[in-house]
Amino acid sequence: MTTTATPIQPAPGATAPAYNPKSESTTAKRAKSAIFHAAALVLTCVVLYPAVWMVASAFKPNSEIGGQNTSLWSNNFSFDNFATAMEGIGGVSTLQFFTNSLILAIGAVVGTILSASVSAYAFARIKFPGRSLFFGMMIATLLLPFHVVIIPQYIIFQQLGLVDTYVPLLIGKFLAGDAFFVFLMVQFMRNLPAELDEAARIDGAGHVRIFTSIMLPLMKPALISTSIFSFIWSWNDFLGPLLYLNTPDKYPLPLALRLFVDQTQSSDYGAMIAMSVLALLPVLIFFLIFQRYIVEGVSTQGLKG
Amino acid sequence: MTQSPTLSRRRGHSGTALPRKSRQRGADARAGYTFLLPWLLGFIALTVGPMISSLYLSFTNYNLFEPPKWIGFDNYATLFQDERFLQSVGVTLSYVVFGTPLKLAAALAVAMLLNSKRRGQGFYRSAFYAPSLIGASVSIAIVWKAMFGDSGPVDQGLSFFGINIGGWVGNPAMTMPMMILLTVWQFGAPMVIFLAGLKQIPGELYEAASMDGAGPVRKFFNITWPMLSPVIFFNLLMETIHAFQIFASAYIISNGDGGPAGSTLFYTLYLYLRGFSDFRMGYASAMAWLLVIVVGIITLIFFRTSKSWVHYSGDAK
Amino acid sequence: MINRRHFLTTVAIGTASAAALAACGNGSSSSGQTGSADNPVTINYTWWGNDDRAERTRKAIALFESKNPDIKVNGNFTDFAGYWQKRATEAAGGGLPDVMQWDLSYLRDYGQRNQLLDLGTVKIDTSAFEKSLLPSGQIKGKTYGIPTSTNAFAVYYDPAKLASLGIAEPTGKWTWSEFQAFLKEVGDKGNGTLYGSTDFTGVWWQFNIWLRQKNIQAFNSDGKLGFSKDDLKTWWNLNAKLRGTQAIVPEDRVTQLKPKSPFGSNVSAAEVTWDNFMAGYLADSGAKQLKLVPVPSDDPNNLGLFLKPSMLMVASAKTKFKDAAARFIDFMVNDPEVGQIFKTSRGVPASKTQRDGTTFDGADKLVVDYEKSIEQYLKDAPEPPIVGFGTLEASFGRIASDLNYGKLTVDGAVDAWFKEAEDLIKQNA
């Protein structure tokens, strides 16, 4: 750091957790708060309108969805689409699709958190020969469009007899297969002050202890972000399950969803949107629960020089 | 790099005993590879092979059903005479150049807005993240087309201000802005990462700056930007790479054909059509590797220039 | 075959697993493994389609299993687009399912490249099929697909909409210019709220039928184009005066309405396409009734019409259970009870046994009656289209769309399509 950022070092022992500008008068605070909420609410309305429209459409009859229909309101709102969506497909219940999605998503979160954090620690905090080479290779894996590796990868799993199991969908998560998450954690870990592990080392701590008792707790925001993303990406993944699963009992939601809009037959857009809305609920709940940890997690007591 | 006095003292201290240092180096190497093991295993078992085989296929004529035939650089040479390919390059470039900065600016601005202790932040955060959830659903095609359709909300809103564009969806000149707005709308992921990054900045820094009489602008450039730079760098690089590879939303919105009039024929969409609809996987692989080279160069430039503006607190060495 | 797999596998998982390649050789017994009631064999069957088809197929499979206790059928389904990506990946990996629902457009791509079983070598009863239909599933004397059902080209119209405009319903005995005058009348009277139809010259199969009316074959037997640039120029010029008028739905509307069609969205009064889209149009538009009449022709004795397999049943060339696969296909195409389960949701049942065992009513009856009414005009179905036909058909529609957007002139559009077609034919030669 060459410029102005470093001069302002945290005062030893300081505990103030958040940005707290000069003391202000109560009225000024109130005015500021009102402006904030007004701005945030306007933005919320703009950003959420499509979502509201989507939810409203889940209650409309099929002939009023798509095509030239753009209005939010309908005179024919009903729960019919949800009834269709809950009927299941080809003898598999909708609940089964949800359960399968949940298994895959939780597996993805656990695998990604475990493997990406460990690998990221190696890249970010340990000096070893070949580190930059491997780091470069990891970044390179992000650059190749996935479509051209689909077939070779399929052949691997097919030869191993793992098609129609969840292994091809989960193994990559447990082996830090998504470089996005490793890189994300590397960036966060590299930004934690070096004094932390230096001090721990002097106290005789090894890498395992530094990783588990210093890095991981401080990484909470990054870990939570990773959990949220890996959950949602797994929840929405269509291609992996499409290629690797053959038994409808094992299908997750995205596969089921697309069946409502087969373009070679009649399409039930209402049921598709209704199921999309239902499918959104678990991810939304997941986000609602975990989002607060992003902003609560880190305090600065670990940063004492 | 300026270093805090405590740090220099510590380093000097540990540097005095040389044998210990080399022992430490050996231990570090062992630990490094142990910690890297999950990634290394996955890389060797699942990634390297398929990558090399796709590189090989890019020099062949391969239709998925019959053995690939070696044709040297033919695929690469043909690319530059393929009008649809050139069109897809143009489409993708304009998307990357306009979409990525806009999305990141929106994400950073909203993250900063939401990074204060106020009531209702949880609600706002969830509300702003919701589009990213919906954006990945197949239903987005119907929703987005209704928003930008003839006499849809966007059309009506603009008409209110006297701008009459009509429907964007069927107008080849307006589909790119529509696709860009679709990605900007889904600023949730970089927003969450920015928020997590902002939370890592010690509040004391702002306090101290306030005491020095710094205003919000100075605080942003002197504290937020440098302290957040690793995360900004991450988001910039990842969003750029993702923008080059945009596939799912383009596929869903255009019904898989890149229309109207090729205006949403993104690079990977064309690659996919070549590989899986036309069964020309060799050609698709050549496209893929050309993209790797181009984006690889851009990534390299990003990493080189990052040294001048990205600051890692943990790298104070 | 071994070479490619050997290479890919070696690179992908290392030489250690190369030994596993032996497994890719085919089982040599002619009928494949057979099962018994106590120890049934399990075959995989896969199809594309919506939730409705999944339910009907489940019933059909249950019926088959109850009649054939020595065979179990594992069903697997996806949507149409995903279906073909999955099949391509499986074919490359050497693992296509035993029995598959198939589309005519892809029959050559897979059949000619040894991915499909020659069904002439197994026992399937085709005596109840029209002799003119079976060649659609055959390539160079080998039978790769058995049609489950048929569809035919037709002009759809919405009688209620015509009545509201005071336009008489068409009889289906019309020339091309009479048909165009009809579209123009709808457009003029509809005055921006209702258009005639989409630009029918953008539909490959309509072009194909027009060629047949002029006794031109679209593709000749050695896989080349059977028509000239001038033919296509004439065809695309046919609507030159109508494009941009209210007779034809503006292209930006067409794009905006996707994935629905203008006809299904109540934007046009007529549409030219396959007769088995009836159920879809009814569901999309909410219309009470839609009717079908034959396509126009300048030669009243040659409408160029034919029955096309709306779907086929095929088996994987590598299936270990040829006998079981054949019995399942035979059951799916011939059994009258299966006809009763599917009705016309796959198209009109192709086998007479199955068709006669099925009762049709409502919209189903309309489609069946239409195909009966054109019987006297039907000619032999064309041979399966050339390799890569799916691509050609898509680019035909795409280039016609560019034409309607005014991005291309007719001459430019013809050149663009021929360039792609010739490139593709050369590629697959």
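**Exercise 1. Two helices in chain A**

In which kind of crossing, left-handed or right-handed, does α7(A) pass α10(A)? Work out as well how the two helices are oriented to each other and which residues meet.

*Solution.* Keep in mind as you work that this is a predicted model.

- Step 1: Find the helices. In chain A, α7 covers residues 179-190 and α10 covers residues 220-236.
- Step 2: Look at the geometry. These two helices pack at an angle of about 165°, and their axes are 10 Å apart.
- Step 3: Angles over 145 degrees count as roughly antiparallel, so α7(A) and α10(A) are roughly antiparallel to each other.
- Step 4: Settle the handedness. The crossing of α7(A) past α10(A) is right-handed.
- Step 5: List the residues. From α7(A) come Phe181(A), Leu184(A), Met185(A) and Phe188(A), and they meet Ala222(A), Thr226(A) and Ser230(A) of α10(A).
- Step 6: The contact of α7(A) with α10(A) has 5 nonpolar residues, 2 polar ones and no charged ones.

**Exercise 2. The domains of chain A**

Describe how domain 1 and domain 2 of chain A are placed and how they touch.

*Solution.* 

- Step 1: The domain assignment places domain 1 of chain A at 27-80 and domain 2 at 91-302.
- Step 2: Find the separation. Their C-alpha centres lie 30 Å apart.
- Step 3: Count the contact. Domain 1 of chain A gives 9 residues to it and domain 2 of chain A gives 6.
- Step 4: Classify the domain 1 side. It holds 5 nonpolar, 3 polar and 1 charged residues.

**Exercise 3. Where chains A and B meet**

How many residues does the contact take from chain B and from chain A?

*Solution.* 

- Step 1: Count both sides. Chain B contributes 98 residues and chain A contributes 107.
- Step 2: Look for the main contributor in chain B. Helix α2 (residues 18-57) of chain B supplies the largest share of the side that touches chain A, with 19 residues.
- Step 3: Sort the chain B side. It divides into 58 nonpolar, 30 polar and 10 charged residues.

**Exercise 4. A sheet in chain C**

Which strands stand at the edges of the sheet in chain C?

*Solution.* 

- Step 1: Write down the order. The open sheet of 6 strands runs β2-β1-β3-β10-β6-β11 (chain C), with mixed pairing.
- Step 2: Go to the ends. β2 (71-78) and β11 (348-349) of chain C are at the edges; each has a single partner strand, so one side of each lacks a neighbour in the sheet.
- Step 3: Trp48(C) stands opposite Thr78(C) in β2(C).

Key: Residues numbered from 1 in each chain as written. Chains lettered and ligands numbered in written order. Predicted model: local features only at pLDDT ≥ 70, side-chain atom pairs only at ≥ 80, totals over all residues. Axes fitted to C-alpha atoms, helices over the stretch in contact; angles between N-to-C directions. Helix = DSSP H or I, 4+ residues; strand = E, 2+ residues; numbered from the N terminus. Parallel < 35°, antiparallel > 145°, perpendicular 65-115°, else oblique. Left-handed = near helix turned anticlockwise from the far one by under 90°. Contact = placed C-beta atoms within 7 Å. Nonpolar A, V, L, I, M, F, W, Y, C, P; charged D, E, K, R; others polar. Pairing = 2+ DSSP bridges. Domains from an automatic or database assignment.
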